[in-house]
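Hi everyone, thanks for making time.

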Amino acid sequence: MRFGAASPLRTYSACHARTLDQCAQLRGLVRNADHPGMHVKNQAIARGILMHFDSAEMRNHAEEERCLFPALLDSMAAADPVCLREMTRELTGEHRTLEGMWSLLRASVVQVAHGLPARFCADEVEAFIDASLRHIEFEELQLLPMAARLIDGCELVRLRRAMNT
């Protein structure tokens, strides 16, 4: 879905796009971890993956929970948004699950970033990537379009400000 240039929803969507790219980078890193001649390139890739999942992705989850989810629930204040509360609860749970899955992979990525040999469990990597893809797909196809429909322009401005604090 396309959002206006100033829309905070565009910021969330852009982070999702970066996460998809970093998942592809992670998959490639695992595939090429022991490839001769890839040592320096793998270190740079690993540093980028760490930077994204340790900071940008964590910040994105926190901002969704602190700013977007409450704004979405407030947009339905006159009604009883049971389905929205359940959706935001489930998405918050998925955030914690993804963060836990990342913590299991992180040590191996750190090893590569430092130029050391690392062992990856391909199944854990694929489970993390699959869970990330499903989560992003839901947010892109359900959450963000719903937010665009329900949150008015003034609230989007407040949301943008809250994201920047």
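This is a predicted model: local features need pLDDT of at least 70, side-chain atom pairs count only at pLDDT 80 or more; totals for chains, interfaces and linings use all residues.

What elements does the chain have? The C-alpha trace spans about 60 × 30 × 25 Å along its principal axes.

Now the surface. Of the 165 residues in the chain, 42% are buried. The chain exposes about 9,000 Å², and carbon and sulfur atoms supply 57% of that area. For those of you who think in charges, there are 19 positive and 22 negative side chains, and the centres of the two sets lie 6 Å apart.

Let me zoom in on helix α5, which covers residues 153–163. Which of its residues are buried? They are Leu156, Leu159 and Met163. These three span an arc of only 55° around the axis, which means that they sit on the same side of α5. As a reminder, an α-helix has 3.6 residues a turn, so residues three or four places apart point the same way.

And what covers those buried residues of α5? The cover includes α1, residues 8–32, and α2, residues 39–74.

Turn to the face of α5 that points away from its buried side, and you find the exposed residues Cys154 and Arg161.

That's my tour; happy to go back to any part of it.

Note on methods:
Residues are numbered from 1 along each chain as its sequence is written. Side-chain values use heavy atoms; hydrogens and water are left out. Buried means under 20% relative accessible area, exposed over 50%, partly exposed in between (1.4 Å probe, protein chains only). Helices (H or I, at least four residues) and strands (E, at least two) are DSSP runs, numbered from the N terminus. The arc is that of the directions from the helix axis to the C-beta atoms. Contact means heavy atoms within 4.5 Å. Accessible areas come from the Shrake-Rupley method with a 1.4 Å probe; for residues, only the protein chains shown count as cover. Lys and Arg count as positive and Asp and Glu as negative; His and the chain ends are not counted. The place of a charge is taken as NZ of Lys, CZ of Arg, CG of Asp or CD of Glu.
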